[in-house]
Amino acid sequence: MTRIRKRRGRHFIDENGRLFWINGPEDHCYLSEQRQWRRGLAFEEVLDWKQCAPSGMVSQRFGSPQEACEAYEHSRISWYQDLYLRRMGDQMAAHRSAVDYKPTAMKQAEASGEPVRQQPWRLPDPAGPVCGLPPRSCDAGAASPGSGRGAPAEAEVTHACRRRRSGRELAER
């Protein structure tokens, strides 16, 4: 017996984190398993940003969305592979997985004056130049396991993007 943890409209997520969508008309609907490709998004963010697509697994037909949910919770679902739905899901995933993807409705709302929304998976843009190398550790001059206490590290490696200036260069300025 599997529990539905969250539900919004025709989408729900179960206690194992799997996402499903109730497709079709109210009186003849079926379940469609959805796959997500971005981890770390909340259920609401997945739905708002359309970060899910059909996996191709569909259930039998039900008389109502409520009947479909009850059948899911009581493990009375027969799953079938729909290859057309799978291909469509692959195309949707390829389109929606772009770093700068926004749903059309969100773009239209922003164009009509709504506030611009930042994708939750994007990191903020840096304020200045950025080096791709990791920063040096702060204890580069501290004691190392093989050296004497407080002695500088024998092979201190300078950061590749750091330029050293001699006193003479500074004096010429």
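1. What is the volume of the second largest pocket? About 230 Å³. The model is a predicted one, and the values here are computed from it.

2. The second largest pocket has 17 lining residues. I13, G17, Q36, R39 and L41 lie nearest its centre. Two or more residues of this lining come from each of β1 (4–8), β4 (30–36) and α1. The largest share is that of β4, with 4 residues.

3. By class, the lining of the second largest pocket divides into 7 charged, 6 nonpolar and 4 polar residues.

4. Now the largest pocket. Its volume is about 290 Å³. The lining of the largest pocket counts 16 residues, and H11, L47, K50, C52 and R96 are the closest to the centre.

5. Which elements each supply at least two residues of the lining of the largest pocket? They are α1 (43–48), β5 (52–58), α3 (83–96) and α4 (104–111). In the lining of the largest pocket, 8 residues are nonpolar, 6 are charged and 2 are polar.

6. α1 deserves a look in both places. The helix gives at least two residues to the lining of the largest pocket. α1 also gives two or more to the lining of the second largest pocket.

7. Next, helix α2, residues 65–73. Its buried residues are P65, A68, C69, A71, Y72 and E73. An α-helix has 3.6 residues a turn, so residues three or four places apart point the same way. Among the elements that cover the buried residues of α2 are β1, β2 (11–14), β3 (19–23) and β4.

8. After α2 comes S75. The phi of S75 is positive, near 55°.

Conventions:
Residues are numbered from 1 along each chain as its sequence is written. This is a predicted model: local features need pLDDT of at least 70, side-chain atom pairs count only at pLDDT 80 or more; totals for chains, interfaces and linings use all residues. Side-chain values use heavy atoms; hydrogens and water are left out. On a 1 Å grid over the protein atoms alone, a cavity is a set of points where a 1.4 Å probe fits but cannot get out, and a pocket is an open set with protein on both sides within 12 Å along at least five of seven lines; lining residues have an atom within 4 Å of a point. Grid points are joined across faces, edges and corners, and a volume is the space filled by probe spheres set on the points. Ala, Val, Leu, Ile, Met, Phe, Trp, Tyr, Cys and Pro count as nonpolar, Asp, Glu, Lys and Arg as charged, and the others, Gly among them, as polar. Buried means under 20% relative accessible area, exposed over 50%, partly exposed in between (1.4 Å probe, protein chains only). Contact means heavy atoms within 4.5 Å.
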